[in-house]
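Here are my notes for your first look at this structure. Have it open beside you as you read.

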Amino acid sequence: LDAMKECLFEGNVRLAHVSPALKFHFLVVRGHGGIGKTSLVARFAMLFKEVYKDGVFHFNAESWPTFHMSLRENIAELSVPSQSGGLDEDNKLFLSLLRQKSKVLLLYDNADDLDLITRVLPRGSSQLHVVVTTRCTADQELLRQADLVIALDYLSP
């Protein structure tokens with residue numbers, strides 16, 4: 001939690017530069033299934049909910065259909081009538097609604113298909129904080145763009 005806080009809030013130059021390609025604070029929590037990635041991120045969101053006065057938006061990024069369903073639920077939370085568009089149209093709508101916000105946390109949970117995350121990540125808003133949880137351990141471009149990657153592992157006996 002301390003590393004997450006440093007990365008997103010305290011401006012620690014070692015950790016908290018704004019990703020040049022993305023222009024927002026972005027961190028990744030990765031590790032094996034069931035190790036506690038989602039619990040860690042949920043705890044962080046709960047502890048700092050006052051900071052994110054314009055909302056904490058959770059996306060189940062386990063698959064394209066579950067992400068799209070989460071996206072539509074988040075659009076509805078913003079009191080916007082549901083559109084019948086596809087994923088890209090709904091994502092554009094959601095991101096346009098965020099432009100009116102000042103401090104927002106986006107949680108992309110169970111994002112093992114990092115191509116999905118690459119496709120839907122917002123661009124160009126330094127007011128956004130983005131956290132991705134994944135089991136992916138491959139060296140992928142998206143992980144290299146993160147301000148911080150926290151790797152969780154099992155404790156030794």
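Among contacts in the chain between residues at least 6 apart in sequence, what percentage join residues at least 24 apart?

1. It is 68%, with a contact meaning heavy atoms within 4.5 Å. Bear in mind that this is a predicted model, where local features need pLDDT of at least 70, side-chain atom pairs count only at pLDDT 80 or more, and totals for chains, interfaces and linings use all residues. Residues are numbered from 1 along each chain as its sequence is written, and side-chain values use heavy atoms, leaving out hydrogens and water.

2. On to the layout. You'll find six helices and five strands in the chain, in the order α-β-α-β-α-α-β-α-β-α-β from the N terminus. Helices (H or I, at least four residues) and strands (E, at least two) are DSSP runs, numbered from the N terminus.

3. How much is tucked away? Of the chain's 157 residues, 44% are buried; that means under 20% relative accessible area, while exposed means over 50% and partly exposed is in between (1.4 Å probe, protein chains only). The chain exposes about 8200 Å², and carbon and sulfur atoms supply 51% of that (Shrake-Rupley method, 1.4 Å probe; for residues, only the protein chains shown count as cover).

4. Have a look at helix H2, residues 37-47, where Lys37, Leu40, Val41, Phe44 and Ala45 are buried. They sit on the same side of H2, because they cover an arc of only 135° around the axis (taken from the directions from the helix axis to the C-beta atoms). As a reminder, an α-helix has 3.6 residues a turn, so residues three or four places apart point the same way.

5. Now the salt bridges: a search of the whole structure finds three, each a side-chain nitrogen of Lys or Arg within 4 Å of a carboxyl oxygen of Asp or Glu. In one of them, the side chains of Arg72 and Asp90 meet at 2.9 Å, N to O. Asp90 is buried at 2% relative accessibility, whereas Arg72 is partly exposed at 30%.

6. Asp88 and Arg119 form another salt bridge, at 2.7 Å, N to O. Here Asp88 in helix H4 is joined to Arg119 in helix H5 (residues 114-120), 31 residues apart. Asp88 is partly exposed, at 35%, and Arg119 is partly exposed too, at 43%.

7. Arg135 lies in the loop between strand E4 (128-134) and helix H6 (141-145), and Asp112 in the loop between strand E3 (104-109) and H5.
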